[in-house]
Amino acid sequence: MVTASTVIPGIDVLTADIEIPGLGHLPINSYVLHGEAPVLVDTGSIAAADEFLTALRSVIDVADLRYIWLTHTDFDHIGLLHELLAENPALRVITTFFGVGIMGLFDPLPMDRVNFVNPGETITLADRTLTAVRPPAFDNPITVGFHDDRTNALFTADCFGALLPELPDRADDLSDADLRHGQVTWGAIDSSWMHKADPAIIAADLERTRAVNPSLVLSGHLAPASGPMLGRMCDAIAAIPSAPPFAAPDQAALDGMLAAMAGAPA
């Protein structure tokens with residue numbers, strides 16, 4: 001099920017609650033920025049495309065959207081991309097050269113409806129300026145988040161995501177222990193390259209992220225968080241390189257899952 005709620009006046013979040021057996025719940029979030037040129041940040045999961053469209057229509061008329069900010073091209077972020085482009089001829093996609101390249105391998109974007117914005121660059125819309133940033137953790141090399149000067153919100157794609165026992169309405173409601181464990185677990189899975197990264201480079205990236213000093217931190221895989229939580233969240237990211245690597249289930253575990261689903265002894 002995909003739900004819609006208001007983060008602050010002017011920003012809505014569309015959330016799918018995904019339960020991952022043995023690991024917990026993970027939200028898949030997209031965001032609608034209302035204004036003179038409304039922006040949709042990512043377009044939901046391919047697996048929940050119909051539910052996503054219903055939730056989206058509950059907060060905005062698709063014909064009113066002007067931009068889609070595509071943080072990256074993973075299947076949980078591009079579900080309704082082409083359907084929305086077909087429905088709304090005025091809609092443009094903000095991505096990168098490599099984002100277009102990856103999409104071109106299976107469903108090319110119309111190039112005359114694309115805006116390239118690379119990390120460090122800005123795009124000025126009717127009533128806001130978006131500054132592209134590379135989050136300190138990511139699972140896709142084309143990932144580009146952004147800072148919105150109108151709301152002082154920082155959009156971080158997969159970074160700061162967390163696997164949790166249950167999904168809260170706001171990340172601020174989580175205990176320190178649940179937040180840290182959930183973010184380190186997710187980071188070890190989603191950004192496994194960090195186990196081989198230089199901690200000093202990661203620390204420098206985190207300092208640049210802290211320096212943004214946002215009022216909101218809006219991740220693709222965590223409930224909305226207030227700006228003051230950013231320090232706690234950066235501390236969790238800094239802990240990923242020294243955390244145990246994620247041990248994925250093996251064939252024996254899969255056989256046990258299938259047996260349990262069939263009601264037979266493992």
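# Chat about a predicted model

Trainee: Which residues does T96 touch, leaving out those up to four places away in sequence?
Mentor: T96 touches F116, V117, N118, I142 and V144, where contact means heavy atoms within 4.5 Å. This is a predicted model, in which local features need pLDDT of at least 70 and side-chain atom pairs count only at pLDDT 80 or more, while totals for chains, interfaces and linings use all residues. Residues are numbered from 1 along each chain as its sequence is written, and side-chain values use heavy atoms, with hydrogens and water left out.

Trainee: Where is T96 found, and is T96 buried or exposed?
Mentor: T96 is in the loop between β6 (92–95) and α3 (97–103); helices (H or I, at least four residues) and strands (E, at least two) are DSSP runs, numbered from the N terminus. With a relative accessible area of 7%, T96 is buried, a word that stands for under 20% relative accessible area, with exposed meaning over 50% and partly exposed in between (1.4 Å probe, protein chains only).

Trainee: How far apart in space are T96 and E51?
Mentor: Their C-alpha atoms are 28 Å apart, and the two residues are 45 residues apart in sequence.

Trainee: Changing topic, which residues have a positive phi although they are not glycines?
Mentor: D42 is one of them, with a phi of about 70°, and N152 has a positive phi of about 60°. D42 sits in the loop between β4 (39–41) and α1 (49–57), whereas N152 belongs to the loop between β10 (145–148) and β11 (153–155).

Trainee: And how does their accessibility come out?
Mentor: D42 counts as buried, at 3% relative accessibility, while N152, at 21%, counts as partly exposed.

Trainee: What about α4, what span should that helix have?
Mentor: The 15 residues of α4 (residues 176–190) should span 21 Å at 1.5 Å a residue, and the end C-alpha atoms are 21 Å apart, which agrees; the expected span is 1.5 Å times one less than the number of residues.

Trainee: Which of its residues are buried, and what covers them?
Mentor: The buried residues of α4 include L179, G182, W186 and D190, and what covers the buried residues of this helix includes β3 (24–33) and α6 (230–238).

Trainee: Stepping back, how many helices and strands are there, and how much of the protein is buried?
Mentor: The protein has seven helices and 13 strands, and 50% of its 266 residues count as buried.
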